[in-house]
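Below is a predicted model of a protein chain. Each question asks for the grounds of a label, and each answer sets a value against a cut-off.

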Amino acid sequence: MKVSVGVSLLLLCFVCRVKVTIESCPLATGNLLRTEVEKTLTLTCINDEGIEPSNQNELQWFRNGAQVNLAEENRRSRSSLCVQPVTKEDNGVVFICQLKGDASVNSSIKFDVQYPPDLNDTKEVFVEETSDVVLSCDIRANPPVTVAWKKDGEVLDLTSGSYKTTNNGITAQLSITKAKRDVHQGTYFCEVNSSVYGIMGRTFNVMVEDKVLRFPVGPTIAGVVVVLCTIVFALISRRNTIIKCIKPN
């Protein structure tokens with residue numbers, strides 16, 4: 001009985017000493033790995049104690065809670081993952097490596113993927129007088145950016161009442177209500193400032209055109225059809241009279 005208790009305590013102490021660690025390339029700071037899109041990352045999980053291989057001592061990887069499929073030879077005392085290429089969707093992802101037989105023996109690493117907004121282009125925008133128009137910028141980025149709107153090189157005065165801005169962290173928009181050529185025509189710039197990537201943005205060349213009078217096409221066509229049908233039926237009904245008039249004496 002004493003031997004059994006001693007063996008159990010020995011096994012318990014042995015399990016307590018078992019731990020796994022994650023090494024990364026490039027190196028992480030603590031459990032945070034900072035990188036950029038299109039890069040390649042390598043994660044290696046190591047069983048520090050090098051315990052004898054068994055099903056219970058296999059290493060398992062999880063990505064945001066979902067288990068990663070591994071080749072059998074990649075489950076033992078050393079297991080590696082390659083993330084290539086890194087994408088925007090990998091930002092905030094957490095990888096966990098753990099023992100199959102004891103999930104409490106684990107280590108984790110979190111991705112901090114930095115990327116700029118997809119901007120630096122020019123768009124031509126045409127709007128009719130008194131119509132509304134919305135200018136949009138995709139500002140999704142990590143770290144988050146600040147946004148400023150400019151018109152013809154000057155910071156836009158948003159107090160005039162004809163402008164309205166919105167920003168949800170993904171898209172920044174400038175709405176123009178009832179456009180007027182002498183007020184709203186010009187070059188607008190969505191200026192985005194990133195602490196990592198600097199200043200960038202999107203240019204909008206806004207042209208305010210004369211308002212075009214539009215006729216209701218459907219009702220107009222219907223009216224023309226009715227008139228033509230009336231004329232045709234009238235001609236048919238007076239066919240005999242018309243024939244007599246054109247018949248030579």
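Q: Why are Cys45 and Cys97 called a disulfide?
A: A disulfide needs two cysteine sulfur atoms within 2.5 Å. In this predicted model, the sulfur atoms of Cys45 and Cys97 are 1.9 Å apart, so the pair meets the rule.

Q: What makes the disulfide of Cys45 and Cys97 left-handed?
A: The torsion about its S-S bond is about -85 degrees, so the disulfide is left-handed. This pair links distant parts of the chain, with Cys45 in strand β3 (residues 41-47) and Cys97 in strand β7 (residues 94-99), 52 residues apart.

Q: Why is Cys45 called buried?
A: Buried means a relative accessible area under 20%. Cys45 has 0%, so the label applies. Cys97 is also at 0% and is therefore buried.

Q: How do you know that Cys137 and Cys190 are joined by a disulfide?
A: The S to S distance of Cys137 and Cys190 is 2.4 Å. The cut-off is 2.5 Å, so the pair counts. Cys137 lies in strand β10 and Cys190 in strand β15, so the bond ties together parts that are 53 residues apart in sequence. Both cysteines are buried.

Q: How many disulfides does the rule give, and what pattern do they follow?
A: The count comes to 2 disulfides. With bonded cysteines counted along the chain, the pattern is 1-2, 3-4.

Q: Why is Cys25 in no disulfide?
A: The nearest cysteine sulfur to that of Cys25 belongs to Cys82 and is 9.9 Å away. A disulfide requires sulfur atoms within 2.5 Å, so Cys25 has no partner by this rule. For Cys82 the nearest cysteine sulfur is that of Cys25, at 9.9 Å, and Cys82 is likewise in no disulfide.

Q: Is Cys82 buried or exposed?
A: Cys82 has a relative accessibility of 53%. Exposed means over 50%, so Cys82 counts as exposed.

Q: What makes the residues of the largest nonpolar core one set?
A: A nonpolar core takes buried residues of listed types, joined through side-chain atoms within 4.5 Å. The largest such set has 23 residues, and those with the most contacts inside it are Leu135, Cys137, Trp149, Tyr188 and Phe204. Strands β9, β10 (133-138), β14 (171-176), β15 (186-194) and β16 (198-209) each supply at least two residues. The most come from β16, with 4 residues. Another core, of 22 residues, lies apart from this one and includes Val20, Leu43, Phe95 and Leu99.

Q: Which residues is Tyr188 in contact with, leaving aside neighbours within four places in sequence?
A: Among them are Leu135, Lys150, Leu156, Tyr163, Leu174, Arg202 and Phe204.

Q: What makes β9 and β12 the edge strands of their sheet?
A: The open sheet has 5 strands in the order β9-β16-β15-β11-β12, with mixed pairing. β9 (121-128) and β12 (154-155) each pair on one side only.

Q: Why is Asp157 called partly exposed?
A: Partly exposed lies between the buried limit of 20% and the exposed limit of 50%. Asp157 is at 46%, so that label holds. Asp157 is found in the loop between β12 and β13 (163-167), and its side chain makes a polar contact with the side chain of Thr159 (2.5 Å).

Q: What is the omega value of the cis peptide bond joining Cys25 and Pro26?
A: Omega is about 5 degrees. Pro26 is in the loop between β1 (20-25) and β2 (32-36). A cis peptide bond also joins Gln84 and Pro85, with omega about -10 degrees.

Q: What is noted about the phi of Glu38?
A: Phi of Glu38 is near 75 degrees, a positive value in a residue other than glycine. Most residues other than glycine have a negative phi. Glu38 lies in the loop between β2 and β3, and at 61% relative accessibility it passes the 50% limit and therefore counts as exposed.

Technical notes
Residues numbered from 1 in each chain as written. Predicted model: local features only at pLDDT ≥ 70, side-chain atom pairs only at ≥ 80, totals over all residues. Heavy atoms only, no water. Pairing = 2+ DSSP bridges. Buried < 20%, exposed > 50% of the residue type's maximum accessible area, 1.4 Å probe, protein only. Contact = heavy atoms within 4.5 Å. Polar contact = N/O pair within 3.5 Å; in protein donor to acceptor, adjacent residues only side chain to side chain.
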